[in-house]
Each structure stands twice: as C-alpha cells, then as structure tokens.
Amino acid sequence: MRKYHIKRIGIAILLTFYFFMLTPIMQGEKPFSTSADYFALILAIIVGVLASLFIFDERIKKEYEQDKVEKDER
C-alpha cells in the first residue's frame with residue numbers, strides 16, 4: 001500500500017513542477033524569476049500531494065487489492 005502512496009506523491013510533484021516550469025515559458029517569461037514563484041510552487045506541490053492522497057484513496061486501495069490478488073494467484 002505504501003508503494004502506491006509514494007508513486008502518487010511522486011507523480012503529483014513531477015506534474016506540478018512541470019506545469020510551473022512550462023507556464024511561464026509559454027508566456028515568454030523566465031521561470032522562477034521571483035521568490036514568490038518558489039513559494040507558489042511549494043504551496044502547489046503541497047496542495048497537489050494532499051489532494052491526490054485524499055481524493056484517490058479508494059482507487060489506491062483498489063489497485064493494492066488487485067495486485068494482492070494477482071500475487072496470490074501466482
């Protein structure tokens with residue numbers, strides 16, 4: 001079960017970082033030109049991780065149970 005939480009956290013962090021890097025580039029600006037950008041990135045990562053853990057908790061449990069059944073069948 002822990003593996004699924006870690007995977008979900010990693011995906012949320014990477015997607016948030018990717019979004020915060022690409023958005024200013026698409027607008028023709030430098031990414032992270034001010035310290036407020038760093039604060040916004042950290043805040044967005046925290047919110048994204050918490051949301052992904054709480055919103056998709058049922059899905060994580062279902063994936064864990066499916067993998068557990070697959071391993072038992074082998």
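Analyst: Start with charge: Lys and Arg count as positive, Asp and Glu as negative, while His and the chain ends are not counted. Each charge is placed at NZ of Lys, CZ of Arg, CG of Asp or CD of Glu. The chain has 11 positive and 10 negative charges, and their mean positions are 3 Å apart.

This is a predicted model, in which local features need pLDDT of at least 70, side-chain atom pairs count only at pLDDT 80 or more, and totals for chains, interfaces and linings use all residues. Residues are numbered from 1 along each chain as its sequence is written, and side-chain values use heavy atoms, with hydrogens and water left out.

Now the whole. The chain holds three helices and zero strands; these are DSSP runs, with helices (H or I) of at least four residues and strands (E) of at least two, numbered from the N terminus. The order is α-α-α. The radius of gyration is 17 Å, well over the 11 Å that the globule rule gives for 74 residues, so the chain is more spread out than a compact globule. That radius is taken over C-alpha atoms, and the rule is 2.2 Å times the number of residues to the power 0.38. The C-alpha atoms fill a box of roughly 55 × 20 × 15 Å along the principal axes.

The part to look at is helix α1, residues 2-26. An unreviewed UniProt entry places a "transmembrane region" at residues 9-26 and another at 38-56. Such annotations may be inferred rather than shown by experiment. Residues 9-26 are 100% helix, with end C-alpha atoms 26 Å apart. Residues 38-56 are 95% helix, and their ends lie 27 Å apart.

Thr16 is buried, at 13% relative accessibility. Tyr18, also in helix α1, is exposed at 53%. Buried means under 20% relative accessible area, exposed over 50%, and partly exposed in between (1.4 Å probe, protein chains only). In the whole chain, buried residues make up 16% of the 74.

What does Thr16 touch? Leaving out residues up to four places away in sequence, Thr16 touches Leu41, Ala44 and Ile45. A contact means heavy atoms within 4.5 Å. Among contacts in the chain with a separation of 6 or more, 72% join residues 24 or more positions apart.
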